[in-house]
Amino acid sequence: MKVANEFFDRFSVSLPQLENLVAEGLKGGGDWCDLFFEDTFYSELVLRDAEVNSGGSHIDFGCGVRVLKGEKTGYAYAESTEPSALLAAARAASAIGSAPAARLAASSSKPVSGTATRPVPGSYYPAKEDWRTAESSRFIPALRKLDALIRGRDGSVHKVIAMLSYSVTDVLMYNSLGELSADTRPLGSISVTTIFIRNGSTEMSTASRSFRCGPEMISDALLEEIADSAVKGMDERFDARRPKGGKMNVVMAAGASGILLHEAMGHAFEADFIRKGQSIFTGKLGERVARKGINIVDDATIPGNRGSLNVDDEGVPGQKTCMVRDGILESYLHDRISAGCFGLPSTGNGRRESFRYNPIPRMRCTYMENGTDGTVQDIIADVRKGIFVEEFSNGEVKIGEGDFTFYVKSGRLIENGRLTMPVKDINIVGNGPRALSDIVAVASDLKIDNGTWTCGKEQSAPVGCGIPSVLVKGLTVGGE
């Protein structure tokens, strides 16, 4: 992969220097060494009480050095790219990697080539403008307009807190296979929290949109869309009641309810959990885990998506990975280490929060592809008694057992094939593999949710999620 000189200039390094640093890292007998340089510009503006009254910007800059020796990992970083600082980090990583440590009961973790030199077909985030050269003052009118749009849609709005955050990250990577790669990653996000008060009762909503693009993302159409999301369903929220609980069918709406797919199933497909025997899906490659026709993918190639990557944080090109194809578990999500253990190419899922962190297998944008069971109305019509979930809020998942609990942000009862009473204060309890096998209908209305989803597996990483409307039989609904 050809790397422009501007990346070497940005980090004040040269290719011979990178080669020397890798050689230094391997002096302790390591099997592998890689370098991860990062330069991130981040800025935000916050609106409260109809005025933009806070904000700030910062730069994060440095380099992480990783050395692998068998099952041992040495990692060190420098917050500058001065030659002495980089050399000290390489020596520290080499020493840590050479220290005595117990071996895992697994095959060698020596990474295989990630084919990082394979050409990337263009960029999945071609920004028209650069956030770094835009004056922050130009975005203030947009936040004020968003505040006015939300207040104009609902007279019970008490408070609006809106935030625009944006960043641009340059990364440069080099490893002991001689693979060199670089990327420039823009990310812009608008999020809003709205508090409503009616007759002494209080409700709160959140809405957000996030894209890998430049300032051109801010448009009147986007502001209108966010304002609509902020007030959507608020009448029902104030009227909602807690229903009786029990086992029942659950219809999950297309879009944001894909977070359950991410949490309850996607994490269990990440190959570090598989490699350590901690996932409920360990050893099930090639087995049926869902009914025929169900396809689940993790995708880095959706243009402008928050979770997309031209290359991952180990220099492996972004790609679309089919985890479940026609109901059969086809692939786990690999970084270079797990790929080396299984003798497979990396799927491009090696990700890290910043240069201060080791890369680990992480999702990008995880979703289920369209089914053939008609519309969401068709699916609801076949349910005698159940719950229709429009959005989940938060939840908990046990990777090893697969058990999950998710809290319903908004939804309705389904009675005799019709949506009836709005519901609140309920949770959905189940088991990931069992819920996957109990999906009995999948609509053709796939929606990728463009909210500010952030995965917190040891480190933070921007991700995306989505799902068509699906019917899951026999989940436990916690109510009265």
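Predicted model: local features only at pLDDT ≥ 70, side-chain atom pairs only at ≥ 80, totals over all residues.
**View 1. The buried side of helix H2 and what covers it.** Helix H2 spans residues 15-25, and its buried residues are Gln17, Leu18, Leu21, Val22, Glu24 and Gly25. Those six sit on the same side of H2, because they cover an arc of only 160° around the axis. An α-helix has 3.6 residues a turn, so residues three or four places apart point the same way. What lies over them? The cover includes two other helices, H1 (5-11) and H3 (83-98). Strands E1 (32-48), E2 (51-69), E4 (157-175) and E5 (180-198) are part of the cover too.

**View 2. Glutamate 129 in its loop.** Look for this residue in the loop between H3 and helix H4 (140-153). Glutamate 129 counts as partly exposed, because its relative accessibility comes to 33%. Setting aside neighbours within four places in sequence, glutamate 129 touches Arg138, Gly214, Pro215 and Glu216. With arginine 138 there is a side chain to side chain polar contact at 2.9 Å. Leucine 149 is 20 residues away along the chain from glutamate 129, and their C-alpha atoms are 26 Å apart.

View 3. E13 (residues 365-368) and E22 (residues 464-467) run parallel, joined by three bridges. Cysteine 365 faces glycine 464 of E22.

Methods
Residues numbered from 1 in each chain as written. Heavy atoms only, no water. Buried < 20%, exposed > 50% of the residue type's maximum accessible area, 1.4 Å probe, protein only. Helix = DSSP H or I, 4+ residues; strand = E, 2+ residues; numbered from the N terminus. Arc of directions from axis to C-beta. Contact = heavy atoms within 4.5 Å. Polar contact = N/O pair within 3.5 Å; in protein donor to acceptor, adjacent residues only side chain to side chain. Pairing = 2+ DSSP bridges.
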